[in-house]
Amino acid sequence: MSYFSVQVVPKSGESLPGFLLRLAKRNGYFELDRLMTKHQLNHIYRGTGALYDKTVQELGISEQLKIRDFGSIKSNGFLKNCRVCPTCVKASLPILENWQSTTAYHCDLHHTVLVETCQACHKNLTWDLPVLDAKCSNQYCSAPLPEIASKLRALSKEAFEDCYTAFTWANMAVDIGNMNRSEQLAFGYEVLTCDKTFLPLIKEYLTQQAQYSGYPDTMRFWQAYSCLSGLNQDWALRSALLTAIQKLSTEHFAITSGTLTPLYVPHDFKKHYLEGIPLDETYFTLRKSYISTKKVEFDTVSKEHFSFSNLISALCRFAIPKDSSTVSLRHWPSVIAPYRVSATDVILACCQGDIDFYFDKNDQLLDSLHISEIHMRKFVFSHLDKFENGHVDAQAASLICQLSTEQIYAAKREGLLKTYRVNNFTRRSFRVRDVLKLARLLDNQLPLPLNSAA
Amino acid sequence: MTHQLASHSDEIYLGGHYSKIWQKMLNVVQQDVDYPYSLLIYGQSGVGKTSIGKHFAQELNKDVVPDPSSTPVYPAVYVKLTTLKSPAQLLKQIIWEIGLTKGLGNEVHELIKQLKRLLQEHKVKVIILDEMQNALPFAAGQKLLEISKTLTELLDDTHVPLILLGTPALKKLLEIDKRSKDFQLEEQIARRFKNSIYIPSFPTRAKAWIEAINFITAKKGIAPLTTKDWQLSARLHIATDGRMALLQKLISLSKLSADLTSDAALDALKEGFHEGFMEELNPFDLEHLSAKELKKITSI
C-alpha cells in the first residue's frame, strides 16, 4: 500500500536519500521531517534489518525500493552529510550515490566541485528538500550553493584516493582543522605535489629521533609509513617520505644497535592494519570487541589478525632469542585480556625491555611473537600497580590471587577486599591495591613473581 | 475536452435545468484566465447536487488515458466533505482524496503549499467540494471567516477553481459581510465566485419532470409517461416534492413492472410510498386524494 499520490521511480546511480527527497518533493512536502524522521532515514539507509523493514512498510515505499537495489551501496550504514553538484540538481538531475564517496571531488558531467558545506552559514548540508533546489538546507540561511569549476578535473579516481591518503597523513601530522570532503581532497593534492608548505612539515616530523616517550613523533613515523604504502602513483610526496624514512631508520637504528628499538605502535595505526586485512566472519566480531573494549576473546584470535609487519621486521633485527619456555602470540592475548591491558602496551613493554620476547624467523607468518609468560605477568602487575585507584573485576582478581571467585567474594565479606561501584549501572569491582595486598598475603601460594612495590 | 450534454448520459438525468447547470460547470473548467472564478451550487436535499457533481468529475476524468509510468492525471477532484473542526481539515480531506495520506502538516499555509504541488503534478483543473455546508459553522463568526480565508488563499495560490455543492445554508459563505455585525471586514471570497446557482426541484407541470420520471422508470422497462398521464405525474410530484432523489427512492421501493395496469401501478406506488415515506397522507391512495381533489390542487 502506498501513501503517496505521486509515485517516483529511482534513476540510475541515484542515492537512496536523494530518491527519497525527490519522492517527498513531488508529493508536495517542503520538509523531509514531515515524511520521516532522521532515524527513519538512517534505518532505510542501512538497507536491511527489522527496523529497515518496519520503516519501509510504514512509508509504503517497498515497491520503489525493489526497482533498484539500494542495498548494495552501504558502507558502514551511517548516513553522512549530503554532497551535491549544484548544476546537476538545478537541472533536476538526481543526487548520485558516488558523489557521497570520500574520494569524489567533482561531478563527472559538469566538472563542478561537489558542495557539502554552505559558504554563507558554513553549516554542512543535510539531506533535506532545499538541496534539490541547490540551496542551503539550513532553514535560516537558504543561500544558493556555489557552482565552482573543478581545477582537478584531470585527476583519475586512483589519484583522488591518493589525495585522501595524503590528507589523512597530513591531518595526523598537524591539526588541519575541520574540512569538508572536497576541501580534504584539494588539501591532499597540495600535500602530494609537495610544495614548499609541506616539505618543512615532513622534515620536522620525520627526522626527529623516535622516542616512545615522545609518542606523537613516533606515531607520525608509522603514519608516514602507512601513507607511503597507501599511495597508488608516484608523487613528489612519496620520494620525500622515502628519503625521510630512510634517513630516520639509518640514523636511529644505527644509534640503538644491540638494543630494542623503542618504537611505539599506536592504537590507531594498528587499527589501520586491521582494516587492511581481508575480512571474514570471525574477524568482524574480533575487531569490534577489540576496538571497543581493547580485549580479545582468545578463541577467535588467529595468526592473521595481528599483523605488525613493519614493526616486527624492524624488531627482528634486534631480537634476542630466548629459551623455549615462551608462549606464542596465539596465547598471550588471553593472558593479558583479563587485566585489561592492550596489545599496544605489550608492544611498548617489549620495546622498553620490560618483557623479554623471542621472534621466530623461521615462521612464515609475521605474528609469531613469542613472549615469556613470566615476564608478561610481571608487566601486567607493574601495569596494574600504576593505577593505584584502578579497579578490576572478580575474574581478574581471581587470576591475580589464584583464588576462585567464590573465595574472592569470601575475602570481600571478611573485609580483606573492598568493592566499588561507580554508579548504579556498573558492576561491582575490586580496587587493585587491595587485590595486590591480598595477593601479597598469599605470596607463598603464588607461582607468579610480584612487583616489589606491591 | 468533449463532454456529452443533457440527456446523453445513461447514469443520471441531465435534462431540463440540469443541462444548464452542466454547461455552467463546464464553463468553470474551461476558463482561460489567470485567476479562474469558482462556482457555488446550492439546493435542497435530493435535488441532484451530488449526482451531477460526481458525474461531472467522472466525465472529466474519463477522457484521461492512464499511463503506469507517469503520474496519474485527474482533471477533476471530487471530495465529499465531512464535518470539519478546522480549515486545515478541509485541505487535508482534499489531499487525502488526491491520494496522499501521510505526513500532512497542521498549518493551513503548509497544506496549501503541498496541495498546490499535488494539483500541479496531477494536472487538476477543478476541485468539486460536495456537502460544503458541513465545513461551515452554524452561525457567522470567526470560524466562518477562517474557512472563507482558507478558500480565498487556496484559490489565489493554486489557481484551480472550486465548485461548491451544498444546501442553501452554503450561501452564507458568500454573504459574510452582510451577516457579521461585530466585525466589519471587507469580504473577499465573493468576488472570486461567479453568480451562485440554485438547483430547484422540478415544477409540477414541466416536461422535464415527465422526462425525469421516464428516465428512472425506463430502467424497469416501464412504458414512458406522456403529458396525458398528468394525474400520475402529479401524484408522483406530490409524493416526492419534485426531487430526483425521492423519486428514485419511491420507484425503487415500489414493485413496478412493465405488465402492470395503471391501477395496479397505482397500488404498487401506494405500497412503495407507505414503505418509504413517513407521511400519513398517501397521494396514491384514492381515498386520501381523489382525482377531483387532485385536479383542484394542481389546477389542471
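1. Chain B has an accessible surface of about 15,500 Å², and carbon and sulfur atoms account for 50% of that surface. Areas were computed by the Shrake-Rupley method with a 1.4 Å probe, and for residues only the protein chains shown count as cover. The model is predicted: local features need pLDDT of at least 70 and side-chain atom pairs count only at pLDDT 80 or more, while totals for chains, interfaces and linings use all residues. Residues are numbered from 1 along each chain as its sequence is written, chains are lettered from A and ligands numbered from 1 in the order in which they are written, and side-chain values use heavy atoms, with hydrogens and water left out.

2. Of the 300 residues in chain B, 48% count as buried (under 20% relative accessible area; exposed is over 50%, partly exposed in between; 1.4 Å probe, protein chains only). Where contacts (heavy atoms within 4.5 Å) join residues at least 6 apart in sequence, 69% of them link residues at least 24 apart.

3. The chain contains 11 helices and 5 strands. These are DSSP runs numbered from the N terminus, helices being H or I of at least four residues and strands E of at least two.

4. The 5 strands of an open sheet in chain B are ordered S2-S3-S4-S1-S5, with parallel pairing (a pair needs at least two DSSP bridges). Strands S2 (76–80) and S5 (197–199) of chain B stand at the edges with a single partner strand each, so one side of each has no neighbour in the sheet. From one strand to the next the twist averages 15 degrees.

5. S2(B) pairs in the parallel sense with S3(B), residues 126–130, over 5 bridges. Val79(B) has Leu129(B) in S3(B) as its bridge partner.

6. Helix H7(B) holds Ala212(B) within residues 207–217. Ala212(B) counts as buried because its relative accessibility is 0%. Leaving out residues up to four places away in sequence, Ala212(B) touches Tyr13(B), Phe202(B), Met244(B) and Leu247(B).

7. The axes of H7(B) and H9(B), residues 244–253, come within 10 Å and cross at roughly 40 degrees. Axes are lines fitted to C-alpha atoms, for helices over the stretch in contact, with angles from 0 to 180 degrees between N-to-C directions. H7(B) and H9(B) are therefore oblique to each other (under 35 degrees is roughly parallel, over 145 roughly antiparallel, 65 to 115 roughly perpendicular, the rest oblique). Residues making the contact include Trp209(B) and Ala212(B) of H7(B), and Met244(B) and Leu247(B) of H9(B).
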